Amino acid sequence: MILFPDAAVWSLALPGGILACLLLAVTGLPFLCLAWQRQSVAQRTAFPDKLARQGALLATLVAAVLAAVAGAVIIRMVQMQPDLMEGPFRVPLLAPPALLAGSLACAGIYLFGWRHIRGSVMHRFVGLAAGIGGLEATVVSFALARALLMPGHPLPSAASPGDTMNALISAPMDSLLWPVLGQSAFVAAGAAGALCLAWLLTRRDKDDFGRDYYNYALGVCARWALGGTLCALPVGVYVLYRAATLTSPDLTTLPPLLPLAGTLVLPLAACGLWGTVIRSATPLRHKVGIVTSLVLLMVACGCEASTLAYVVRLHAPM
């Protein structure tokens, strides 16, 4: 039994998993903001609206960072392998940063139009568009990672951009891509709640909305983080089971044990910390636990990315 993955796989999977976690948070945040804003109107209370605006600022900032990182990663990949931009990967490589840039633009309009178009159909539309842009970037990024890892990639050498993108996401029905995308829908809610939870700690002195507001907001974000992560765990168990059976149908040989275990144990530990925040009457005192839970979730995403990369590249291309 192998405890640690190959160094090359781990060095790519850990930062890749962290970036995937942030990408899923950017995908989930606009939907959470829309829900909070709707709750504010329905209940005629100000707290959810304030939380939605703080979440929109976070989504805009993280989308900007991810768009820049995605662009830098693409440039570095092309420098290392110039023929990538001459073959079928040209359009798929440019798609994630372009989609993130679009999501950033929509998130910016949603944020800076708060006073002028708040509550209108246009405001809800651009907020929804920001989330959909993140969702599209997630699907393309995961499908691109699968195609890059597979020996004999499935992309046509000469085809229109539409045909190329269609081939990118046309994975077989038994591919690991589909359960991973299903799991990502829940992780997006959990990661958005976890990231917003940590973000609120940095806004306590800048947005002085009072202790009652932050007690409320921290509790709401912790519930989203806990609920999304708990819902993602059963799907994650199925994904890991599929990965293990692809590596060895009789389960006599498993993928590296450390990331395999970390994928399940670390989110459970994070859930315990979020549960403590929810039960606490003074959640602002749990700063260390809030930051630690976010780090645990990010590392868990890296562990799962390591396991899947090990399976896809070394054992069972899917």
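This is a predicted model: local features need pLDDT of at least 70, side-chain atom pairs count only at pLDDT 80 or more; totals for chains, interfaces and linings use all residues.

Visitor: Is L260 buried or exposed?

Guide: L260 counts as buried, because its relative accessibility is 13%. Buried means under 20% relative accessible area, exposed means over 50%, and partly exposed is in between, using a 1.4 Å probe and protein chains only.

Visitor: And what does L260 touch?

Guide: Leaving out residues up to four places away in sequence, L260 touches L240, L254, P255 and T307. Contact means heavy atoms within 4.5 Å.

Visitor: Let's switch to the largest nonpolar core. Which residues touch the most other members there?

Guide: Those are W36, L51, L200 and W274, in a core of 60 residues. A nonpolar core is a set of buried Ala, Val, Leu, Ile, Met, Phe, Trp, Tyr and Cys residues joined through side-chain atoms within 4.5 Å. Elements giving two or more residues to this core include α1 (7-43), α7 (177-203) and α9 (257-279). The largest share, 12 residues, comes from α7.

Visitor: What does W274 touch?

Guide: Not counting residues up to four places away in sequence, W274 touches A194, L197, A222, A225, L226, T229, S293 and L297. There is also a second, separate core of 24 residues, with A147, L155, L176 and L181 among them.

Visitor: New topic: how many aromatic pairs does the structure hold?

Guide: Five. Rings of Phe, Tyr and Trp (its six-membered ring) pair if their centres lie within 6.5 Å; planes under 30 degrees apart count as stacked, over 60 as edge-to-face and the rest as tilted. F47 and Y213 have ring centres 5.4 Å apart and planes at 75°, so this pair is edge-to-face. It links distant parts of the chain, with F47 in helix α2 and Y213 in helix α8, 166 residues apart.

Visitor: Is Y213 buried or exposed?

Guide: Y213 is buried, with a relative accessible area of 0%, while F47 is partly exposed at 28%. Y213 also forms an edge-to-face pair with F209, at 5.2 Å centre to centre and 90° between the planes. Ring pairs link F47, F209, Y213, Y214 and Y216 into a cluster.

Visitor: Nice. How many salt bridges does the structure hold?

Guide: Three. A salt bridge is a side-chain nitrogen of Lys or Arg within 4 Å of a carboxyl oxygen of Asp or Glu. One of them joins R118 and D49, at 2.9 Å from N to O. R118 lies in the loop between α4 (114-117) and α5, and D49 is in helix α2, 69 residues apart.

Visitor: How exposed is R118?

Guide: R118 is partly exposed, with a relative accessible area of 42%, whereas D49 is buried at 13%.

Visitor: What about D207, which residue does D207 form a salt bridge with?

Guide: D207 forms one with R203, where the closest N and O atoms are 3.1 Å apart. Both D207 and R203 are buried.

How values were computed:
Residues are numbered from 1 along each chain as its sequence is written. Side-chain values use heavy atoms; hydrogens and water are left out. Helices (H or I, at least four residues) and strands (E, at least two) are DSSP runs, numbered from the N terminus.
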